[in-house]
Every structure is written in C-alpha cells, then in structure tokens.
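Please read them with the coordinates open.

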Amino acid sequence: MLLGKRLRASWEQRAQDVKRLRRANTAGVVEEYDLPKPRYAFGVSWRDSGRHIDIDLQCVVVDNAGVIIDCAYYNNLKAVRAITHSGDETAGKPTGIQELIWANLNKLPAHVSVLVFVVAAYSGGLLQ
C-alpha cells in the first residue's frame, strides 16, 4: 500500500511538472509559467529580406534519464504520438506563422520529462 501511495504521489508531482513552462532568457534568468490547457502551439515566423532564408523549427523529446528519444522537425512530422510539426516552409512571409509545432501534454508518455524547442537557420541567414 505504501508503494502505491508513493507511485501516486510521484505521478501527481509529474503531472504538475508537465504543466509548467520553464525557460531561461539570454541573461540566464529563469522564468516559469503555468500551462493549464492540454494542448499548445509553438510557432516561428521570419521575413525574407531580399535573399532566400530558410528557418526551421524543431522539438526534441527527452526522457527521464536525459536521453533524446524522438524529435519532430520538417522531415519527421510526428514525435511520441503527442508532438506534431506543421511541415517545412522555406520562404519567410512578413505576417503569420510559417512553421508550427503542436504539443499535446495529455498524450505525452510518462517517461518524457523535457521538450526542447529549437529554432535553426537552415540556409541563407544567421539567427541574432
């Protein structure tokens, strides 16, 4: 019975942890935000200022042991049955979101502890 209570307490703590966004800004200051909804979208947009620029959005899925177990990106649109990428957009537009990743927190496997969102300059530019 004690083991069952510990497992339940562990699961309840994990459920609380999953529903928080933790980030550090460029100065290293950590900020945390509540995530009360089950599904969130992370998007990226950019302007093509005279030359072809291709920005890519990715989501790296990390388990409790710190091992990368899956990744959603332009060539792999689904990860761990909970992360969905909108597909590759190679031309920036001045308005709107070009690439989008949906994360369904309720569908994340229990052994997933971290989602890392990466924005990369695939070609034609640098991220500043």
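**Notes on the model**

1. Tyr-73 is partly exposed, at 28% relative accessibility, where buried means under 20% relative accessible area, exposed means over 50%, and partly exposed lies in between (1.4 Å probe, protein chains only). Tyr-74 is likewise partly exposed, with a relative accessible area of 34%.

2. Some conventions apply throughout. This is a predicted model, in which local features need pLDDT of at least 70 and side-chain atom pairs count only at pLDDT 80 or more, while totals for chains, interfaces and linings use all residues. Residues are numbered from 1 along each chain as its sequence is written, and side-chain values use heavy atoms, with hydrogens and water left out.

3. The protein has one helix and nine strands, which follow the pattern α-β-β-β-β-β-β-β-β-β along the sequence; helices (H or I, at least four residues) and strands (E, at least two) are DSSP runs, numbered from the N terminus. Of the 128 residues, 27% are buried. The protein exposes about 8800 Å², of which carbon and sulfur atoms supply 54%, by the Shrake-Rupley method with a 1.4 Å probe.

4. An open sheet of four strands has the order E3-E8-E7-E6, with antiparallel pairing; two strands pair if DSSP finds at least two bridges between them. Strand E3 (39–44) and strand E6 (78–79) are at the edges with a single partner strand each, so one side of each is left without a neighbour in the sheet. Within this sheet, strand E7 (residues 83–85) is joined to strand E8 (residues 99–104) by three bridges, and Thr-84 stands opposite Trp-102 in E8.

5. Strand E4 (residues 54–63) and strand E5 (residues 68–72) run antiparallel and are joined by four bridges, with Val-62 having Ile-68 in E5 as its bridge partner. The hairpin of E4 and E5 has four residues between the strands, and there Gly-66 takes a positive phi near 85 degrees.

6. The structure holds two aromatic pairs, and rings of Phe, Tyr and Trp (its six-membered ring) count as a pair if their centres lie within 6.5 Å, with planes under 30 degrees apart called stacked, over 60 edge-to-face and the rest tilted. Phe-42 and Phe-117 form a stacked pair, 4.0 Å centre to centre with 25 degrees between the planes. Since Phe-42 lies in strand E3 and Phe-117 in strand E9 (residues 112–123), the pair ties together parts that are 75 residues apart in sequence. The rings of Tyr-73 and Tyr-74 have centres 5.7 Å apart and planes at 80 degrees, so this pair is edge-to-face.

7. A charge also sits over a ring: the charged end of Arg-39 is over the ring of Trp-102, 4.0 Å from its centre. The criterion is that NZ of Lys or CZ of Arg is within 6 Å of the ring centre and within 35 degrees of the ring normal.

8. The largest nonpolar core has 19 residues, and those with the most contacts inside it are Val-61, Val-80, Ile-83 and Leu-108; such a core is a set of buried Ala, Val, Leu, Ile, Met, Phe, Trp, Tyr and Cys residues joined through side-chain atoms within 4.5 Å. E3, E4 and E8 each supply at least two residues of this core, and its largest share, four residues, comes from E4. Leaving aside neighbours within four places in sequence, Val-80 is in contact (heavy atoms within 4.5 Å) with Val-61, Ile-69, Asp-70, Lys-107, Leu-108 and Pro-109.
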